[in-house]
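Colleague: I have a new model open and would like to learn how to read it. Could you walk me through a few features?

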Amino acid sequence: MKNNQEFINKMEHDIESSALPEAIKRKLIANLLLLKGRKVNLLITGATGCGKSSTINALFDADVSKVGVGVDPETMDIERYELGNLILWDSPGLGDGKEADNRHARNLTKKLLERDSDGNPLIDLVLVILDGSSRDMGTSFELISNVIVPNLGEDKGRILVAVNQADMAMKGRGWDRENNKPEPELESFLEEKVESVKRRIKESTGVDVDPIYYSAGYKDGDKPQRPYNLTKLLYQIIHYTPKEKRTIYVNNINRKREMWKDDDELKDYRNSIMDDIAESISECADIGADVGESLGSCFGSFGRAVGRFGGRIIGGAFGAIKSCVKSVFGGLFGW
Ligand SMILES: Nc1nc2c(ncn2[C@@H]2O[C@H](COP(=O)(O)OP(=O)(O)OP(=O)(O)O)[C@@H](O)[C@H]2O)c(=O)[nH]1
Ligand SMILES: [Mg+2]
């Protein structure tokens with residue numbers, strides 16, 4: 001089950017068998033059908049060894065089937081993974097020497113400017129990973145301000161910045177291994193770090209980002225370290241993905257429960273993720289009008305009225321949708 005078909009089918013079944021008014025059921029199911037065919041393209045970049053592969057493996061079902069982009073040396077640096085309707089692009093950042101860096105910058109620029117068949121930017125979201133264990137983040141800032149931001153076009157909301165290897169930020173000091181979380185001293189250090197990343201990006205590009213710190217975890221012989229703040233990272237990814245595409249992640253997130261265990265407690269990220277996904281099914285603002293029209297043609301004036309006031313009426317159905325989403329997540333991830 002690698003695409004979101006199964007999730008959509010289950011939601012469809014749950015909506016059908018719910019106690020919602022018939023017209024609302026139809027609207028929700030129409031929304032679901034629109035969600036079915038979408039694809040999300042996520043570009044992940046960052047310096048060599050920052051943890052791109054580890055992050056992909058932690059977040060998503062690990063048996064990523066690598067699909068070659070071709071043998072053209074100009075483009076083969078970017079790896080493409082296809083997980084059903086979720087397409088991941090794994091690209092080197094800067095810091096591999098002048099010649100390689102120029103090539104990476106060209107490839108990234110090309111990818112960011114690419115358009116899909118509807119004329120929209122192909123890449124929905126860029127995740128830039130910084131290595132929290134490295135003292136010199138200069139090349140990562142260069143990557144962000146000279147390559148990524150200038151090629152985002154109008155929508156500067158397409159960039160996420162995350163600092164990985166939080167456990168190694170003070171050379172391993174201050175990490176509570178037993179509970180897999182930072183001790184207060186490291187926590188302050190990390191908070192300052194993401195604040196300074198935010199400030200530097202704002203100063204050099206004028207763009208507001210909201211960087212987080214996390215750890216993708218690692219395997220060390222038979223003593224693996226679980227990820228930290230991975231649910232927070234997933235929440236950000238889903239939140240910054242266009243609403244009409246958010247359900248796509250559902251079938252691809254890692255089923256190993258221990259991946260999602262340890263987070264800071266600033267927010268209930270699981271609940272927020274379910275809210276975001278429920279919202280994409282119940283509202284989907286930009287497709288609402290179309291749905292209203294098609295409801296109108298199927299159900300006459302009543303359907304049109306439901307379509308027009310969809311936002312408000314559907315708002316009432318939100319609770320019901322959320323409990324469907326919860327039951328799906330509960331079953332899959334034990335959330
Ligand atoms: N301690 C610690 N090590 C990590 C973490 N994330 C990744 N690593 C380790 O860092 C090394 C590099 O990780 P990768 O995931 O291969 O990094 P990458 O960005 O994909 O590297 P390239 O593909 O070579 O550019 C590996 O040895 C990982 O186990 C983390 O959160 N904490
Ligand atoms: Mg890699």
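Modeller: Start with the largest nonpolar core, which has 48 residues. Such a core is a set of buried Ala, Val, Leu, Ile, Met, Phe, Trp, Tyr and Cys residues joined through side-chain atoms within 4.5 Å, where buried means under 20% relative accessible area (1.4 Å probe, protein chains only). Phe60, Leu88, Leu233 and Ile237 have the most contacts inside this core. Apart from it lies another core, of 37 residues, with Trp89 and Leu112 among them.

This is a predicted model: local features need pLDDT of at least 70, side-chain atom pairs count only at pLDDT 80 or more, and totals for chains, interfaces and linings use all residues. Residues are numbered from 1 along each chain as its sequence is written, and side-chain values use heavy atoms, without hydrogens and water.

Colleague: Which residues is phenylalanine 60 in contact with, leaving aside its neighbours within four places in sequence?

Modeller: Contact means heavy atoms within 4.5 Å. The partners of phenylalanine 60 include Leu42, Leu83, Tyr249 and Asn254.

Colleague: How much of the protein chain is buried?

Modeller: Buried residues make up 51% of its 335 residues.

Colleague: What is the secondary structure of the chain?

Modeller: Helices (H or I, at least four residues) and strands (E, at least two) are DSSP runs, numbered from the N terminus. Here there are ten helices and nine strands.

Colleague: And what about contacts between residues at least 6 apart in sequence?

Modeller: Of those in the protein chain, 73% join residues at least 24 apart.

Technical notes. Chains are lettered from A and ligands numbered from 1 in the order in which they are written. Buried means under 20% relative accessible area, exposed over 50%, partly exposed in between (1.4 Å probe, protein chains only).
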